[in-house]
Structure formats: C-alpha cells, structure tokens
Amino acid sequence: MDFMNKKAIVFGGTSGIGLASVKMLEKAGAEVVAIGRSSEKKSELPNGVKFVACDVRDEVGVEILLEKLAPFDILISSATGGKRAIGPFLEMDMDGFKGSFDKLWGYANVVRHGSKHLTDGGSITLVSGSPGRNCKFGQIALSSVGGAVEAMARAVAKEVSPRIRINIVSPGTINTPMVTLKGPDREKLYENMTKDNLIPRAGTADEVAEGIMFVVKNKFVTGTTVDVDGGWLIS
Ligand SMILES: NC(=O)c1ccc[n+]([C@@H]2O[C@H](COP(=O)([O-])OP(=O)(O)OC[C@H]3O[C@@H](n4cnc5c(N)ncnc54)[C@H](OP(=O)(O)O)[C@@H]3O)[C@@H](O)[C@H]2O)c1
C-alpha cells in the first residue's frame with residue numbers, strides 16, 4: 001500500500017504503541033489524526049499530525065468525531081479504555097473485572113461508527129494482548145478482554161468483507177508509558193515479567209507498530225491476529 005494521500009485515524013495515538021504507529025504512518029506519507037483523552041500527551045506527536053481529544057468510551061462522541069473526520073482509509077485503535085483489574089478471579093472485585101471491559105466497549109464504538117466511513121479497501125486494526133490466548137497468573141481480566149477483542153474482530157471481518165479488512169495485533173510485554181515506574185524498579189519489573197519468555201526482554205512500541213503497519217499494508221490479510229510477543233504464547 002502506498003501511504004501517500006491516505007488518511008489514518010489512530011485512537012490511543014498519543015502514547016506507546018499508538019504513538020509509534022502514528023509516527024510510522026506519518027513518515028510513510030499518510031495524513032494522520034491522533035486521538036486520546038488528554039491533550040497533555042500530544043507534545044510528542046510529529047508536527048504534521050492533528051490531535052483531537054475524545055474518550056473512546058463515549059459512544060456519541062466517537063460517532064460525531066468519526067463523522068467529522070470521514071472519509072478515511074486506515075482506522076487503528078490501541079486505546080486502553082480504562083483501568084484493568086489484576087489478580088486471581090475468585091478473589092477479584094467484580095466491578096473491577098467488569099470495568100476491564102472498557103477496552104472492548106471502546107473498540108466496539110470505534111468499529112461500529114468507523115466502518116462505514118472507511119474508503120473501499122480500507123482497514124481497521126485493533127490491539128489485544130498475549131494474555132488473551134496464554135493467561136499467566138493474575139491476568140484473568142486481561143485474558144477475558146483480550147480474547148473478546150480477538151473474537152469480535154474475527155466475527156466482524158466476515159460482516160465487512162470484502163469492502164474492508166479488520167485485524168488484530170497482539171503484543172506481549174512492551175516497554176511503554178503504561179508502566180509508570182522509573183529507573184531500577186522499572187527495569188526489575190520488565191526483567192521479572194519477561195524472564196520466562198523465549199526472548200527475555202520487553203518489546204518496544206516500534207516493534208509492535210511494525211506489526212500494525214504489516215496488517216494495514218497487506219491487502220491479503222483479514223480476520224487474523226499477528227503476535228508480537230517475544231515468544232510469550234509458547235513460553
Ligand atoms: N504495553 C504493554 O505491555 C501491552 C501489552 C499487551 C497489550 N497492550 C495493549 O496495547 C494497547 C496500547 O498500550 P500502550 O502500552 O501503548 O499504552 P499507553 O502508552 O498507556 O497508551 C495508551 C493510549 O491510549 C489512550 N487512551 C487510553 N484510554 C483512552 C480512552 N478511554 N479514550 C481515548 N484514548 C484513550 C491514551 O491517552 P489518554 O490517556 O490521554 O487517553 C494513550 O494515547 C492497549 O490496548 C494495551 O492494553 C499493551
């Protein structure tokens with residue numbers, strides 16, 4: 001795919017994986033709009049990239065925004081949505097478990113209200129996470145949501161075919177601002193989280209964005225999940 005004259009909308013585009021995708025798309029020549037809740041995070045966006053504030057959980061807000069931005073060729077969401085619950089399921093606060101699904105509802109808003117505005121041959125890419133298919137201890141909420149995101153994308157792929165494509169990129173442990181620890185504590189956390197993986201280190205946001213660029217570019221890929229996980233799934 002030639003990115004010149006293509007318009008890309010990236011929810012969660014102001015930090016981490018979304019920001020890395022925004023930078024790659026902009027460098028490749030696309031017109032890019034990055035969306036997040038807080039304008040404080042927009043300072044890292046490349047000069048030509050437009051920022052719009054919107055909470056992906058606000059269905060009406062997402063609908064109105066996408067109508068305004070239409071038409072577009074590339075729609076990506078890596079927006080986390082809200083807080084995610086960590087811990088064993090049987091001891092988990094149910095409100096926390098239910099709240100973890102904000103990511104799914106945000107993605108659902110983007111897909112439902114974005115699909116019709118995509119140009120023919122356009123694509124949607126969502127970001128899930130390795131716990132969706134290989135849950136480690138305490139990750140039941142992440143796993144349930146990740147699995148639901150992937151199932152939704154596969155189901156929607158059939159509805160929107162052949163006009164548009166939808167794919168998932170599933171990261172393992174990635175070093176992004178999602179983790180707020182600094183210095184040695186941060187290093188130790190990533191070391192512990194990845195020590196049993198085939199590639200025992202945290203991935204970079206760029207490595208995940210390369211997976212996103214692949215599914216956006218490759219016109220023969222739909223309803224699939226690309227894992228960028230350091231071997232998490234088989235570790
Ligand atoms: N990092 C990892 O290790 C990892 C592993 C597996 C899966 N993932 C998934 O990858 C995706 C991106 O993660 P990341 O590490 O890049 O996170 P990040 O650095 O924290 O970036 C999250 C982005 O989403 C935006 N966002 C969050 N909630 C939003 C909402 N309700 N409405 C609109 N925008 C929202 C944030 O901006 P605002 O806060 O300003 O809204 C920010 O731009 C997430 O879906 C995450 O679950 C990450």
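1. Helices (H or I, at least four residues) and strands (E, at least two) are DSSP runs, numbered from the N terminus. The model is predicted: local features need pLDDT of at least 70, side-chain atom pairs count only at pLDDT 80 or more, and totals for chains, interfaces and linings use all residues. Residues are numbered from 1 along each chain as its sequence is written.

2. Ligand shell. α1 gives the most to the shell around the ligand, with three residues. The shell holds 29 residues, and the closest are Gly 12, Gly 16, Gly 36, Arg 37 and Gly 129; a residue is near the ligand if its C-beta atom, placed from the backbone, lies within 6 Å of it. Two or more residues come from each of α1 (16-27) and α4. By class there are nine nonpolar, 15 polar and five charged residues. Here Ala, Val, Leu, Ile, Met, Phe, Trp, Tyr, Cys and Pro count as nonpolar, Asp, Glu, Lys and Arg as charged, and the others, Gly among them, as polar.

3. Sheet. Seven strands form an open sheet in the order β3-β2-β1-β4-β5-β6-β9, with parallel pairing; two strands pair if DSSP finds at least two bridges between them. β3 (50-53) and β9 are the edge strands, each pairing on one side only. β5 and β6 run parallel and are joined by five bridges. Ile 124 stands opposite Ile 166 in β6.

4. Helix α5. This helix (residues 140-160) has 21 residues and reaches 30 Å from its first C-alpha to its last, close to the 30 Å expected at 1.5 Å a residue. The expected span is 1.5 Å times one less than the number of residues. Its buried residues include Ile 140, Leu 142, Val 149 and Val 156; buried means that 20 or more other C-beta atoms lie within 10 Å of the residue's own, exposed 12 or fewer, and partly exposed in between, with C-beta atoms placed from the backbone. Among the elements that the buried residues of α5 pack against are α4 (102-114) and β5 (118-127).

5. Backbone exceptions. Most residues other than glycine have a negative phi, and most peptide bonds are trans. The bond from Ala 70 to Pro 71 is cis, with omega near -5 degrees, and Pro 71 sits in the loop between α2 (59-69) and β4 (72-77). Ser 161 and Pro 162 are also joined by a cis peptide bond, with omega about 0 degrees; Pro 162 lies in the loop between α5 and β6. Asn 5 has a positive phi, near 65 degrees. Asn 5 counts as exposed because it has 9 C-beta neighbours inside 10 Å.

Technical notes
Two residues are in contact if their C-beta atoms, placed from the backbone, lie within 7 Å.
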